[in-house]
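I set out to record in this notebook what I looked up in the structure. The entries follow the order of the look-ups.

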Amino acid sequence: MAYDEQLAGRLRTLIAKRTDFYEQNMFGGMGFLLRGNMCFGIWKEDLILRLGPEPAVKALKQKNVVPFDITGRPMKGWVVVKPNGFKSDAALKGWVDQAIAFVSQLPGK
């Protein structure tokens, strides 16, 4: 399994009305980019989020959240949420909204 297609569908539903996102295959998974900036994605069955440095540190204190580290070097400002952390649609939306809030502040590419 390259990445969880069911999770991809749930994410697509959350951003269906937006025109400023596009998808791109990356890091062996799927990335969702907001105005050219990586915002969130899927790696295997996990949700990857770009939250920014301080929110990421705060998120790492929560259950089912780990550093985004698929290369042996954790990425600052990014986290991985394990499937138990986004079982409900409300939980998934909460995580995605946090990533969108951060990435919306970045200049487009």
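How many salt bridges does the structure hold? I worked from a predicted model, and the structure holds 5 salt bridges.

**Entry: Arg-12 and Glu-23.** I found a salt bridge between Arg-12 and Glu-23, with 2.7 Å between the closest N and O atoms. This pair links distant parts of the chain, since Arg-12 belongs to helix 1 (residues 5-14) and Glu-23 to strand 1, 11 residues apart. I noted Arg-12 as partly exposed because its relative accessibility is 30%. Glu-23 is likewise partly exposed, at 35% relative accessibility.

**Entry: Lys-82 and Asp-46.** In this salt bridge the closest N and O atoms are 2.9 Å apart. Lys-82 sits in the loop between strand 6 and helix 3, and Asp-46 sits in strand 4, so the pair ties together parts that are 36 residues apart in sequence. Are the two partners buried or exposed? Asp-46 counts as buried, at 4% relative accessibility, whereas Lys-82 counts as partly exposed, at 33%.

**Entry: Asp-97 and Lys-93.** I recorded an N to O distance of 2.7 Å for the salt bridge between these side chains. Both residues lie in helix 3, 4 residues apart, which is about one turn of the helix. Asp-97 has a relative accessible area of 36% and is therefore partly exposed; Lys-93, with 41%, is also partly exposed.

Entry: The 6 strands form an open sheet in the order 1-2-3-4-6-5, with antiparallel pairing. Strand 1 (21-26) and strand 5 (65-67) stand at the edges with a single partner strand each, so one side of each has no neighbour in the sheet. On average, neighbouring strands of this sheet are turned by 25° against each other, direction ignored. I also looked at one pairing: strand 4 (residues 46-50) and strand 6 (residues 78-81) run antiparallel and are joined by 4 bridges. Within strand 6, Val-80 stands opposite Ile-48.

**Entry: helix 3.** Which strands does helix 3 lie across? Helix 3 (residues 89-103) lies across strand 1, strand 2 (29-34), strand 3 (37-43), strand 4, strand 5 and strand 6, and runs at about 30° to strand 4. Helix 3 has 15 residues and reaches 21 Å from its first C-alpha to its last, close to the 21 Å expected. I listed its buried residues as Leu-92, Trp-95, Val-96, Ala-99, Ile-100 and Val-103. These cover an arc of only 135° around the axis, which puts them on the same side of helix 3.

Notes
Residues are numbered from 1 along each chain as its sequence is written. This is a predicted model: local features need pLDDT of at least 70, side-chain atom pairs count only at pLDDT 80 or more; totals for chains, interfaces and linings use all residues. Side-chain values use heavy atoms; hydrogens and water are left out. Two strands pair if DSSP finds at least two bridges between them. Helices (H or I, at least four residues) and strands (E, at least two) are DSSP runs, numbered from the N terminus. Axes are lines fitted to C-alpha atoms, for helices over the stretch in contact, and angles run from 0 to 180 degrees between N-to-C directions. Contact means heavy atoms within 4.5 Å. The expected span of a helix is 1.5 Å times one less than its number of residues. Buried means under 20% relative accessible area, exposed over 50%, partly exposed in between (1.4 Å probe, protein chains only). The arc is that of the directions from the helix axis to the C-beta atoms. A salt bridge is a side-chain nitrogen of Lys or Arg within 4 Å of a carboxyl oxygen of Asp or Glu.
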